[in-house]
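Here is a briefing for a first look at a predicted model. Have the sequence and the structure open while you read.

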Amino acid sequence: MDYTAGEVAGNDYILKGARHFDLAATLDCGQAFRWEQVGEDAFRGIALGRVLEIQRRGEDVVLYGVSEEEFHVRWKRYFDLDREYGKLKELFCRDPVLRQAVEYAPGIRVLRQDGWEALCSFIMSQNNNIVRNKGMIDRLCRLAGEPIRGGYAFPTPQRLAAMTVEDLAPARCGFRAKYILDAARAVCEERVSLDQAAKLPLPQAREMLMRIYGVGPKVADCALLYGLGRVECVPMDVWMKRVMERCFPKGLPEWAKDTAGIAQQYLFHYARMQGLK
DNA sequence: CGCCAGGCTTCTA
DNA sequence: TAGAAGCATGGC
């Protein structure tokens, strides 16, 4: 475990001795789009149908207004806290390039988000930048998401499937609106099953997600990695293509393949921050 | 004002 | 079947 103990303190839940967990690096490295910084190492976000404020305080990480039960049923998995990132990073550091990326942002964790939200978020990320994608997703949630205490949940596929491109206009998703609607319909009609995609062999899982209009290999891989827990999956965006071409012409090391998606997150962040060309 | 954005679909040779 | 254009939009 990457924390020594969980402790209830009033309404809050405290992760004592939380290691390998940098909130800024994790929540603002292009894997999730509904988090904002609200204070000193403090972030507010909406995920899994809940609003959460989370803050680092010294050695600890505090989840405000979270019960022990809610931590265990919701946030422990979301923040991938069962995985030992220390061991993982030790493995990655056998390679000099991976070591450099890990040392650049050693507190990155790969989030396990809701599958449907991850799928939509990355459909919308295409030919888009991260800042603007956040705005689009926020408008989509206000437009079609269920009101919850403190904000709006991510819209369900059922709700979106009943809408039209014109209905979605206020969210200003551009050409992506029709893709979102097809994704919603595919899920509702069970042309695509996210539960199955989570378990199928990778090629078949990708093939299923790519039945959706507007979903290609990269978006499918993002949904699998960030939403369906497939940490062996490596989305190849422009930044990763540059890294692979320059540093790993023969592919990522064989010993990294089971968790190559997590290695990808360190490499992606490093490449993007360095402005690698 | 152009340029470009964690791509995908469609058109063309 | 590879390669380029078109796509909507707004941050910079």
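P170 touches R139 and L143, leaving aside residues up to four places away in sequence; contact means heavy atoms within 4.5 Å. P170 sits in the loop between α7 (157-161) and α8 (177-188). Helices (H or I, at least four residues) and strands (E, at least two) are DSSP runs, numbered from the N terminus.

This is a predicted model, in which local features need pLDDT of at least 70 and side-chain atom pairs count only at pLDDT 80 or more, while totals for chains, interfaces and linings use all residues. Residues are numbered from 1 along each chain as its sequence is written, chains are lettered from A and ligands numbered from 1 in the order in which they are written, and side-chain values use heavy atoms, with hydrogens and water left out.

**More on P170**

- P170 and L143 are 27 residues apart in sequence. Their C-alpha atoms are 7.5 Å apart in space.
- P170 counts as partly exposed because its relative accessibility is 47%. The classes are buried (under 20% relative accessible area), exposed (over 50%) and partly exposed (in between), with a 1.4 Å probe and protein chains only.

- Chain A is assigned domain 1 (5-82) and domain 2 (115-228). These bounds come from an automatic or database domain assignment.
- The contact involves 12 residues from domain 1 and 16 residues from domain 2.
- The centres of the two domains, taken over C-alpha atoms, lie 24 Å apart.
- About 1100 Å² is buried between domain 1 and domain 2. Carbon and sulfur atoms give 58% of that area. Buried area is the accessible area (1.4 Å probe) that two parts lose on being put together, summed over both.
- Which residues of domain 1 lose the most area to domain 2? They are Q31, F33 and R34, together 56% of what that side buries.
- The rule finds one salt bridge across this interface. A salt bridge is a side-chain nitrogen of Lys or Arg within 4 Å of a carboxyl oxygen of Asp or Glu.
- Three residue pairs are in polar contact between the domains, both residues at pLDDT 80 or more. A polar contact is a pair of N or O atoms within 3.5 Å; within protein, one must be able to donate a hydrogen and the other to accept it, and residues adjacent in sequence count only if both atoms are side-chain atoms.
- On the side of domain 1 that touches domain 2, β4 (42-47) and β5 (50-57) each supply at least two residues.
- That side of domain 1 divides into five nonpolar, three polar and four charged residues. Here Ala, Val, Leu, Ile, Met, Phe, Trp, Tyr, Cys and Pro count as nonpolar, Asp, Glu, Lys and Arg as charged, and the others, Gly among them, as polar.

**Salt bridges**

- How many salt bridges does a search of the whole structure find? The search finds 15.
- R109 pairs with D2, with the closest N and O atoms 2.8 Å apart. R109 is in the loop between α4 (96-104) and α5 (115-124), and D2 is in the segment before β1 (5-9), 107 residues apart. Both residues are buried.
- D60 and K16 meet through their side chains at 3.1 Å, N to O, in a salt bridge. D60 is in strand β6 (residues 60-64) and K16 in strand β2 (residues 12-16), so the pair ties together parts 44 residues apart in sequence.
- D60 is buried, at 15% relative accessibility. K16 is partly exposed, at 26%.
- D138 and R142 form a salt bridge at 2.9 Å, N to O. Both lie in helix α6 (residues 130-144), four residues apart, about one turn of the helix.
- D138 is partly exposed at 31% relative accessible area, and R142 is exposed at 52%.
- D182, E189 and R191 are joined into one network by salt bridges that share partners.

**Positive phi values**

- L48 is not a glycine, yet has a positive phi of about 55 degrees. L48 lies in the loop between β4 and β5.
- D80 is not a glycine either, and its phi is positive at about 60 degrees. D80 lies in the loop between α2 and α3 (85-92).
- L48 is partly exposed, with 26% relative accessible area. D80 is buried, with 12%.

**A residue of helix α2**

- E70 lies in helix α2 (residues 68-78). Is E70 buried or exposed? E70 counts as buried because its relative accessible area is 17%.
- E70 touches R50, G65 and W75, not counting residues up to four places away in sequence.
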